[in-house]
Structure formats: structure tokens, C-alpha cells
Amino acid sequence: MVSEQKIADVSFESLLRIFTIPEGPDSTLTQIEEGLSKNLNQFLREHIVAEEKPLHEIEKDFSSAVIPEQPAFVSDHTEYLLDTLVSHSVHTSSPSFIGHMTSALPYFLMPLSKIMIALNQNLVKIETSKAFTPLERQVLGMLHKLIYGKTETFYNQWMHSANHSLGAFCSGGTIANITALWVARNNALKAQGQFLGVGKEGLFRAMKHYGYEGLAVLVSERGHYSLKKAADVLGIGQQGLVAVKTDSHNRICPDDLRAKFAQLKQDNIKPFAVIGVAGTTETGNVDPLREIAQICQQESCHFHVDAAWGGATLMSAKYRSLLDGIELADSVTIDAHKQLYIPMGAGMVLFKNPDAMKSIEHHAQYILRKGSKDLGSHTLEGSRSGMAMLVYAAMHIISRPGYELLINQSIEKARYFADLIKQQDDFELVSEPELCLLTYRYVPKYVRDALVCASHEQTTELHKLLNELTKVIQKKQRETGLSFVSRTQLNPIQWSIHDTIVFRVVLANPLTTKDVLSSVLEEQREIAKTAPNLMARLEQLSLDITQG
């Protein structure tokens, strides 16, 4: 006899239960909560499948544009999400997922996130956030002190001042960078005489008043792609983002920075900001921040440091010196959802001067009144969640020495992996790790031998084949699902002008072991064997070169 299927009804009473009464002890949702609490990593390992399902197949589960007329039971829908969504998500916390800047999360963030979501505070104003506002201001003060090291008197005076701000919380590094450049632009084109400032009169009238032919932001060739968005949004155009040459270690060349300043001034273009990078996305290198700061001071130009990735290194007494000069910056971006191990959606921009953000201050009668401590008066985003609570909790539970241990192990793990790669006769280290990022590629020994004596044309052909092989290995490794490394394109000095496609790894996950790193290399060797045509062409060309 077939049992009758239960159907959820649409009634106000059933809706009230969703808002007030949790599922029973045997429900799917309750079991998920228990699994997450007992062993977070094990739960994810059990529910995320290893073998990758093609995106076009996954799309079939999410192909209807119709809002359902019939409600689903919570447990039934949760089972559906486990099967269609969770199982085909990316296992970013896996110890072998070392291709991107996402890591494992501390388990305590799960229940704390529930509290944060349940409270549903809106940090745009005091009326909808109350205690969350001073908490967020304190978190900004803690990160400000980490960077700038001001006195206790300074923070007592400015941290909770209604008319000042030490920075802003936002959804990530992109908005943080835009905010920093927004402040820099408005301060560079501030009110003067009859002119009311760019914020009130607009860019066209600002340029006309000051007599500039254009505006520019100077940044390393390795600057993050978000900076192009910032240039677009702020009205200077992507061509106003002027690239400064980098050296063999992917760092800004100060001499070229000076030359760019001279050229822009000659063309009557106003450079209103320079961006130094503390942890480039591709290679993890740090620009010479102190030298850049000195040049900016000479040129009276805003100096912003994009430390979205590397900023957390300041927690380490051992490696803090890698960011020497960051304390001279006018503004700094830090992403808590990177090396502070917070869930996605926690970026920050800090300003040395508590008055800096007055240039972007906005007020409204019904919400952001003058004299109030509403955080929304200094943020690009309006409504925001209370993510600062999670940063606050992590900084207390992990503490600075705890973060120092995490940072130190990540940097030292990267150095270990770099040494391991150097020991292999069929791998090539492309960029040495400065923080915990490095790049490398698979190069069979016979190819390495051939490159030593190859002509320019032969070298070009070998690199072309190696690039194809790197793409094949990276894609296959991702699809297999046992481990993951990303890939990017560099121009390493040892290969002159050749565009070189390389593997890129980020070793921030504390769960990643030395055995995992060895297995990643071994898997890449085995995958290379599954591309016999490419390998045969490489071998034949190498043989022709060495015997020719």
C-alpha cells in the first residue's frame, strides 16, 4: 500500500511556525546543525562530492524561473539543497584546495553567525544596530592601531567621535579600494572659493575649476583588477589608471613611479593617488612601501596600500617587517575574509587621519542626521550586516599571538613548498614566496635541458607547448576534485618576454600538511601522462634541440 504523501499548506499559522519554532530533533536541519558543530571539516567532506559535475548539468537543477505556488517542507527542501547545491559546491576549506585565497574557518564562527543573522542588525544607523555600532568602531580602532600604532589618547579621542571615522567596514576589498580612492579624489578636488567641491558640483566643473586635463591613479602592473572598476566608477576612466613598471620580484620600480609623476604633470594631468600593493594577488609580493610613501609625500599625493591579502601579516612580530612603511600610508585596505579567517563579506578600509572621510560624508533627515554616530554617513554601502561581530570575536578568541602562529606557519609552509619544488627535476619554481603565495609549473627534465641551448624560435615553441600542458594539468586536476591549484600568466625574467602560464598556490589553510603538498605534485605528474600527444611533441622537439 502506497503511503499518502504529505503536502505543506499555505496558512498564516504555518508561516508563524517558520518564524518561531525550529524543526524537531530528528529533522534534516537539526542533523545538519549537529554535524557542523561536531566536526565542520568532516561534514563538508561528506557532503561535497569530489568528482566535478559539468556546469551545464548543474544548471538543469536551477532552470525554472517560476516562483513556487506550493510551499515545501523545511526538511524536504534542505535535502534538495544538499543534493543539488551543497554537493556541487567548491570545498574551499579542504586541505588540498590551495588555489585561491579562501581557507578553512574556525568552528566557533558557525554558531556566532547564527546569532548575528538572528539579530539581523543594520549597521547603517544606530536605530537598527545599537551596540553593534560601537563594536564596529572598536574593531576599526583595533585594526587602525595594528597599522598605525597611535597612542591610547588618540583612540580615546577619535574612535567613537560622532564627527570622525577611522575607517569603514564593507563587503570586501573592491569596495574598500573604491572608498579609499573616493576619499582621495574628493580631497584632491575639494571646495575652494566659489567652487563647492567635486562631491557637490561634479567632475566636469571640478576639472574646469582646477584647470586639469585629466586625473590619474598610479599603481603597479600587478595591481588588483578591482582598481579598474574604481577608476570607472570615479569617472577618471580605466585609462586614468596608470601602470608603473615592476621589477623581477613583481614590485613597483620607484624610479618609474617618479618618471610617471613627471610625465603626468607635464601633460597637466593630476595624479591624486598612488596605490602600493602589500600582497599581490598573483604572486604575493609587497611593494617598497616606504619608498613609495616618501615619493607621495614629495608630490603631496594620497598614498593608499591595498593590503587586502597581506595586511594580516602585521599580526606577526616575526614577519611584520615585510610590510615596512605601511604605517606611512594615508589609507589601507584589509580583508578579514582572507587571512583573518572570517566568512566572505568582511572588508575594511582604514584612514590614518580621522578627518579624511569628511570629504565623502552624507546626511539625510530621516536616517543619517548630522551629529549622530550613524556609520552609514561614511560608507559607500547603505544597509550592512554586523560582520564586525565575527571579526571582533575572532580577534578575542584567536588573539594576536594566535594569528601570529597562523601567519608564520603559512609563510614557512610556502617556503617549504618552494624548496620541495626546487628539489624536483621536473618542476620549475617561477616566483619565490614572500608571503604565502608562489607560482611554479611542470617542466620535464628533457625540456629543461633543451631550454638551455634552444634558439629564440625553439624556446618560443617550447614555452607554447608548456603553456598548453599547464592548462591541461590545471583543468584536469580541478575536474578530478582531489586537489586544486589555480593558474595565471606571468612574464618571469628568466624567460624574457615570454608569456608563461603557471600554477598558483596560496598556503593559508592551517589544515594543509606537507604530505598534501607532495601529493599535489605527484598528481600533476600523473595527469601529465594523460596528455600523451602534448608530451610526445615536447619530447621530440627537445630531442631535436639537444641533438641538433
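## The largest cavity

Glu-136, Arg-137, Leu-140, Ser-165, Gly-167, Ala-168, Phe-169, Leu-375, His-378, Thr-379 and Arg-384 line the largest cavity of this predicted model. The volume of this cavity is about 60 Å³. Sorted by class, its lining has 4 nonpolar, 4 polar and 3 charged residues.

H7 and strand E1 (167-170) each give at least two residues to the lining. In total, the structure holds 3 cavities of 30 Å³ or more.

## The second largest pocket

Now to a space of the open kind. The second largest pocket has a volume of about 800 Å³. It is lined by 30 residues, and those closest to its centre are Leu-36, Leu-40, Leu-44, Leu-105 and Met-110. The lining counts 18 nonpolar, 9 polar and 3 charged residues.

Which helices each supply at least two residues of this lining? Helix H2 (28-38), helix H3 (40-47) and helix H6 (109-119) do. Domains can be traced here too: domain 1 (12-89) and domain 2 (165-352) each contribute at least three residues to the lining.

## Three domains

The domain assignment of the chain gives domain 1 (12-89), domain 2 (165-352) and domain 3 (402-547). The contact takes 24 residues from domain 2 and 26 residues from domain 3. The centres of domain 2 and domain 3, taken over C-alpha atoms, are separated by 32 Å.

## Helix H15

Helix H15 covers residues 388-397. Why is H15 described as largely enclosed by the rest of the structure? Because 7 of its 10 residues are buried. A residue counts as buried when its relative accessible area is under 20%. The buried residues of H15 are Ala-388, Met-389, Leu-390, Val-391, Ala-393, Ala-394 and Met-395.

These buried residues pack against H6, H7, E1 and helix H16 (399-423). H6 also supplies lining to the second largest pocket, while H7 and E1 supply lining to the largest cavity. Just after H15, Ser-399 takes a positive phi of about 70 degrees.

## His-144

His-144 sits in helix H7 (residues 132-148). Is His-144 buried or exposed? His-144 has a relative accessible area of 0%, so it is buried. Setting aside residues up to four places away in sequence, His-144 touches Gly-149, Lys-150, Phe-154, Tyr-155, Leu-166, Leu-350, Phe-351 and Lys-352.

One of these partners deserves a second look. A polar atom of the His-144 side chain lies 2.9 Å from the backbone oxygen of Phe-351.

## His-302

His-302 is found in strand E5 (residues 302-306). With a relative accessible area of 13%, His-302 is buried. That value falls under the 20% cut-off, and therefore the residue counts as buried.

What does the side chain of His-302 join in a polar contact of 2.8 Å? The partner is the side chain of Ser-331. Leaving aside neighbours within four places in sequence, His-302 is in contact with Ala-180, Ala-184, Phe-272, Ala-273, Val-274, Cys-296, Asp-330, Ser-331 and Phe-351.

Terms used:
Residues numbered from 1 in each chain as written. Predicted model: local features only at pLDDT ≥ 70, side-chain atom pairs only at ≥ 80, totals over all residues. Heavy atoms only, no water. 1 Å grid on protein atoms, 1.4 Å probe; cavity = no way out; pocket = protein on both sides within 12 Å on 5 of 7 lines; lining within 4 Å. Points joined across faces, edges and corners; volume = space filled by probe spheres on them. Helix = DSSP H or I, 4+ residues; strand = E, 2+ residues; numbered from the N terminus. Nonpolar A, V, L, I, M, F, W, Y, C, P; charged D, E, K, R; others polar. Domains from an automatic or database assignment. Buried < 20%, exposed > 50% of the residue type's maximum accessible area, 1.4 Å probe, protein only. Contact = heavy atoms within 4.5 Å. Polar contact = N/O pair within 3.5 Å; in protein donor to acceptor, adjacent residues only side chain to side chain.
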